[in-house]
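Hi,

Here is the structure I promised to pass on. Have a look at it first, and my notes on what turned up follow below.

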Amino acid sequence: MSTDGQLRQLRESVARLHAELTRYRLVAWTAGNVSARVPGRPLMVIKPSGVDYDDLAPENMVVCDLDGVVVEGDLAPSSDTAAHAYVYRAMPEVGGVVHTHSAYATAWAARGESIPCHLTAQADEFGGEIPVGPFALIGGDDIGKGIVETLTGHRSPAVLMRNHGVFTIGRDARAAVKAAVMCEDIARTAHLARALGAPLPMATADVDALHDRYQNVYGQRPPSPASP
């Protein structure tokens with residue numbers, strides 16, 4: 001695919017994925033953002049700052065380098081651009097980053113409390129607890145540093161940044177959006193479970209087994225090559 005075609009495809013994908021944030025009620029007004037790394041190039045595509053979700057389109061997605069400098073686009077990029085850029089620089093395996101202020105997960109972030117693993121679905125997707133990252137002010141790359149510091153070596157693709165909200169990572173932007181959706185679902189259920197009493201613990205070996213099955217067995221797999 002040509003460079004222009006690759007960027008056009010990513011602009012379309014990133015614009016479309018923002019609709020999933022509103023569909024699952026993970027954002028309010030113009031908050032939140034999705035970005036995608038441009039494969040093989042030191043670039044990313046990200047939402048413009050302060051633009052209504054109904055007005056987002058491939059044409060107004062912003063292309064930045066991995067220092068957060070605008071390369072293509074007429075609008076200012078998201079106020080979280082520096083954080084996204086830092087994650088891409090520090091974690092080359094990451095192809096997508098998402099930020100939301102989804103209500104239940106952000107409530108845990110406001111308490112500065114990780115979400116313990118009491119559910120098989122959480123073991124599947126997150127491999128254990130959903131951790132809390134440090135407080136950091138918006139605008140620079142301190143948030144990105146906190147994300148990387150917290151998630152490096154951790155199986156969770158989501159981090160609850162203290163007093164702020166949720167950041168998720170993935171192999172691509174769609175995977176990061178899925179992690180954001182699942183993080184809010186887990187946070188809501190964990191809150192309800194605590195309201196009812198003390199949630200039951202899960203054995204570490206069971207969490208490990210569930211995570212391995214979900215990551216390596218669950219879903220459709222490409223067929224094995226035919227024997228000669």
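A residue is called buried here when its relative accessible area is under 20%, exposed when that area is over 50%, and partly exposed in between. By that cut-off, 47% of the 228 residues of the protein chain count as buried. Please keep in mind that this is a predicted model.

First, the overall picture. The protein chain has seven helices and eight strands. Its C-alpha atoms fill a box of roughly 60 × 50 × 30 Å along the principal axes. The radius of gyration is 18 Å, which agrees with the value near 17 Å that a compact globule of 228 residues would have. Of the contacts between residues at least 6 apart in sequence, 63% join residues at least 24 apart. The accessible surface is about 11600 Å², and carbon and sulfur atoms account for 52% of that. As for charge, there are 20 positive and 26 negative side chains, with the centres of the two sets 4 Å apart.

Now to the interior. In soluble globular proteins, nonpolar side chains tend to be buried together. The largest nonpolar core in this model has 24 residues, and the members touching the most others are Leu21, Val34, Val45, Val98 and Val177. Two or more residues each come from helix 1 (3–23), strand 1 (33–37), strand 2 (43–46) and helix 6 (173–196), and helix 1 gives the largest share, six residues. A second, separate core holds 21 residues, including Val62, Ala85, Val159 and Phe167.

Which residues does valine 98 contact, leaving aside its neighbours within four places in sequence? They are Leu21, Asn33, Val34, His84, Val166, Phe167, Thr168, Ala173, Ala176, Val177 and Ala180.

Methionine 44 is another one to click on. This residue sits in strand 2 and is buried, because its relative accessible area is 0%. Beyond its neighbours within four places in sequence, methionine 44 has contacts that include Val62, Val63, Cys64 and Asp65, as well as Thr81, His84, Ala85 and Tyr88. Proline 199, by contrast, is 155 residues from methionine 44 in sequence and 41 Å away in space, C-alpha to C-alpha.

Is serine 13 buried or exposed? Serine 13, in helix 1, is buried, because its relative accessible area is 17% and the cut-off is 20%. Its C-alpha atom is 27 Å from that of valine 217, which lies 204 residues away along the chain.

Most residues other than glycine have a negative phi. Tryptophan 29, although not a glycine, has a positive phi of about 55 degrees. This tryptophan is in the loop between helix 1 and strand 1 and counts as exposed, because its relative accessible area is 74%. Asparagine 163 is also not a glycine and has a positive phi of about 60 degrees. That asparagine is found in the loop between strand 7 (158–161) and strand 8, and is partly exposed at 44% relative accessibility.

Happy to talk any of this through.

Best wishes

Key:
Residues numbered from 1 in each chain as written. Predicted model: local features only at pLDDT ≥ 70, side-chain atom pairs only at ≥ 80, totals over all residues. Heavy atoms only, no water. Helix = DSSP H or I, 4+ residues; strand = E, 2+ residues; numbered from the N terminus. Rg over C-alpha atoms; globule rule 2.2 N^0.38 Å. Buried < 20%, exposed > 50% of the residue type's maximum accessible area, 1.4 Å probe, protein only. Contact = heavy atoms within 4.5 Å. Areas by Shrake-Rupley, 256 points an atom, 1.4 Å probe, with all protein chains shown as cover. Lys, Arg positive; Asp, Glu negative; His and termini not counted. Charge placed at Lys NZ, Arg CZ, Asp CG, Glu CD. Core = buried A, V, L, I, M, F, W, Y, C linked by side-chain atoms within 4.5 Å.
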